[in-house]
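Have it open while you read, and start with the ligand.

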Amino acid sequence: MIQDTSNAVRRTRYFLPTLKETPSEAQIVSHRVMLRAGMIRQSAAGIYSWLPLGFRVLKKIEQIVREEQNRSGAQELLMPTIQSADLWRQSGRYDDYGKEMLRITDRHEREMLYGPTNEELITQIFADEVKSYRDLPKNLYHIQWKFRDEVRPRFGVMRGREFYMKDAYSFDLNPEAGRIAYNKMFVAYLRTFARMGLKVIPMRAETGPIGGDMSHEFLILADTGESAVFCHKSYLDLAVPAAGVDYEDAVALAKIVAGWTAEYAMTDDMHDPALCPVPADDLVSARGIEVGHIFFFGTKYSAKLGARVAGPGGEEVAVEMGSYGIGVSRLVGAIIEACHDDAGVIWPESVAPFQVGLVNLRQGDADCDAACENIFARLRDAGREVMYDDRDERAGVKFADMDLIGLPWQLVVGPRGLKSGVVELKNRASGAREELSIDAALTRLTDGPAAAGTGAGRAAS
Ligand code: 5CA
């Protein structure tokens, strides 16, 4: 049997090009750390390659997004990145999008484009296949690369030109049903971000080029956020819906959404100090990073692209639609902005690239090597995600690198400890260190609180 070695790696063999120097082009922590920790490399302005460590985090985030979309009843499909210009002419957005759209001509002189979003394409797919109200409601999503030729790509993956997005599209018979679809996504978003260890605040938002008259942005607070935000402080302690939330119970969903929209929360586009009802003492005025954005736009696309179904009385009606985005690649940077210290990242366990970093303090020492090999094999066989730093490097270098890449647990094996039969277990988030026997440490890491998927992630899953 060929063993999958991707979850248990040796540093000497792993492609992890860390940097000692801080790259001068990076202005914010997440960008600096992602370059220094060997997670990404820029290939052109606003376009990045994801190296193995960064790719693992991207995939973990993607999987949480997927699980919560599926839980809410949305169905995954995959649409292409390249679309036809004709389709966008039908909706009128081919010209509206302007220079942000990357336009391409194929060998037959046909005009194509690299999709910045997918309202047109999904509406066409729906229109071709669904003809009756009996097939509603539907919510279809994909997780796919997008391209927007941003004027100022910056802050690494936070505002890229090529970026990875989850975009979902809902189809309903009437505005009331459309509102239920909107609420489902709203609730799914609260759960999704909480599972990544983030505190998110939904805010009323402008609809911009997507259109429509109801929209919420989901923001996390961080000093480096691009938007100024103003909200009631009560948002910081609101309870997130549990995993068992019933997505078929429209009344319960509406209640949750009402609770999460009851108090004032606006980004700078919408905030008006004169109209803000929150007393100064209760108002949080901060900066935020937009990690998700949901829209309800009724028949804007369905009417133009012919997405009509026969209603219960036989009449033809254009379906009511919404679209729901999450910035999957942006989230990698956003989580770092929210979870770091001077030494590097502090990954929430649910998105950490590996759960355990095994540090051999004296590579080449027979006892240390044997103990590490033994621990590494046992963690691997227990299905833990582990990176073994087996380099012939000074302890200081290994510690600094481990703190930089931010794995939740560091298991440190040194000659002195081994003589008295102990290893050291360090928690990256709290900094707490404990001396334990190898067996006790392994028990903790395999079925204690450090077992994969616990911590912030599990709490809400
Ligand atoms: N079609 C709708 C919803 S599916 C849409 O495109 N919405 S959006 O424009 O608000 O984008 C959705 C999310 O993608 C944003 O909330 C943000 O998190 C992310 N995003 C948007 N532009 C970029 C960018 N240039 N770089 C990284 N992430 C981005």
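1. Strand 9, strand 14 (283-298) and strand 17 (320-327) each put at least two residues into the shell around the ligand. Strand 14 gives the most, with five residues. Strands here are DSSP runs (E, at least two residues), numbered from the N terminus.

2. Before going further: this is a predicted model, where local features need pLDDT of at least 70 and side-chain atom pairs count only at pLDDT 80 or more, while totals for chains, interfaces and linings use all residues. Numbering runs from 1 along each chain as its sequence is written, and side-chain values use heavy atoms, with hydrogens and water left out.

3. Which residues come nearest to the ligand? Of the 22 around it, they are Thr 117, Glu 119, Arg 148, Gly 160 and Glu 290 (around meaning a heavy atom within 4 Å).

4. Now the polar contacts (pairs of N or O atoms within 3.5 Å). A backbone N or O atom of Gly 160 is 2.8 Å from a ligand nitrogen, and a side-chain N or O atom of Glu 150 is 2.9 Å from a ligand nitrogen. A polar backbone atom of Gly 327 lies 3.4 Å from a ligand oxygen. The protein covers 96% of the 600 Å² of accessible area that the ligand has on its own (Shrake-Rupley, 1.4 Å probe).

5. Have a look at strand 8 (residues 138-147) too: eight of its ten residues are buried, so it is largely enclosed by the rest of the structure. Buried means under 20% relative accessible area (1.4 Å probe, protein chains only).

6. Strand 8 pairs with strand 9 (residues 162-172) in the antiparallel sense over ten bridges, with Tyr 141 opposite Ala 168. Pairing takes at least two DSSP bridges.

Note on methods:
Buried means under 20% relative accessible area, exposed over 50%, partly exposed in between (1.4 Å probe, protein chains only). Helices (H or I, at least four residues) and strands (E, at least two) are DSSP runs, numbered from the N terminus. A polar contact is a pair of N or O atoms within 3.5 Å; within protein, one must be able to donate a hydrogen and the other to accept it, and residues adjacent in sequence count only if both atoms are side-chain atoms.
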